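Here is a short briefing to read alongside the model. Have the sequence and the 3D view open as you go.

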Amino acid sequence: MNHCEDHNMDKKMVPRTEEEIEKIVNRLKRIEGQVRGVQKMVEDNRYCIDILVQISAITAALNKVGLNLLERHVSHCVSKAIREGSGEASIRELMDVIKQFAK
């Protein structure tokens with residue numbers, strides 16, 4: 001099952017390239033390392049402000065990954081759905097996930 005088909009087999013999707021997958025996975029691995037670093041900072045009883053700065057950086061990095069995925073989804077999957085006549089459902093789904101993202 002592909003990324004745009006997770007919830008419904010009828011969704012229009014455009015598979016990610018191996019290069020796209022590799023870039024996303026590498027970003028997530030860097031973020032994972034940052035999270036482990038914050039855990040170590042807490043275990044070492046480091047200054048709260050230093051920990052908060054790192055948490056802010058992690059949040060920004062995750063948001064960037066999410067925005068990149070949103071952009072790709074719109075330019076590929078949503079665009080394809082619109083061209084193929086199922087744009088309304090795809091846009092509704094997109095708006096639902098944007099609302100989740102904005103919380």
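The notes below cover a helix pair and then the salt bridges.

This is a predicted model, in which local features need pLDDT of at least 70, side-chain atom pairs count only at pLDDT 80 or more, and totals for chains, interfaces and linings use all residues. Residues are numbered from 1 along each chain as its sequence is written, and side-chain values use heavy atoms, with hydrogens and water left out.

**The helix pair**

- Helix α1 spans residues 18-43 and helix α2 residues 48-83, and the two pack at an angle of about 165 degrees with their axes 10 Å apart.
- That angle makes α1 roughly antiparallel to α2 (angles over 145 degrees count as roughly antiparallel, under 35 as roughly parallel, 65 to 115 as roughly perpendicular and the rest as oblique).
- Axes here are lines fitted to C-alpha atoms, for helices over the stretch in contact, and angles run from 0 to 180 degrees between N-to-C directions.
- Helices are DSSP runs (H or I, at least four residues), numbered from the N terminus.
- The crossing of α1 and α2 is left-handed, meaning that the near helix is turned anticlockwise from the far one by less than a right angle.

**The contact between them**

- On the α1 side, the residues in contact include Glu20, Ile24, Leu28, Ile31, Val35 and Val38; contact means heavy atoms within 4.5 Å.
- On the α2 side, Ile51, Ile55, Ile58, Leu62, Val65, Leu69 and Arg72 are among them.
- By class, the contact has 15 nonpolar, 3 polar and 4 charged residues (Ala, Val, Leu, Ile, Met, Phe, Trp, Tyr, Cys and Pro count as nonpolar, Asp, Glu, Lys and Arg as charged, and the others, Gly among them, as polar).

**Salt bridges**

- The count comes to 4 salt bridges, each defined as a side-chain nitrogen of Lys or Arg within 4 Å of a carboxyl oxygen of Asp or Glu.
- One of them joins arginine 72 and glutamate 20 at 3.0 Å, N to O, and links helix α2 to helix α1 across 52 residues of the chain.
- In that pair, arginine 72 counts as buried at 11% relative accessibility, whereas glutamate 20 is partly exposed at 23% (buried means under 20% relative accessible area, exposed over 50%, partly exposed in between, with a 1.4 Å probe and protein chains only).
- Arginine 36 and glutamate 32 meet at 3.5 Å, N to O; they lie 4 residues apart in helix α1, so about one helical turn separates them.
- Aspartate 44 and lysine 40 form a salt bridge at 2.9 Å, N to O, with aspartate 44 partly exposed at 43% and lysine 40 partly exposed at 46%.
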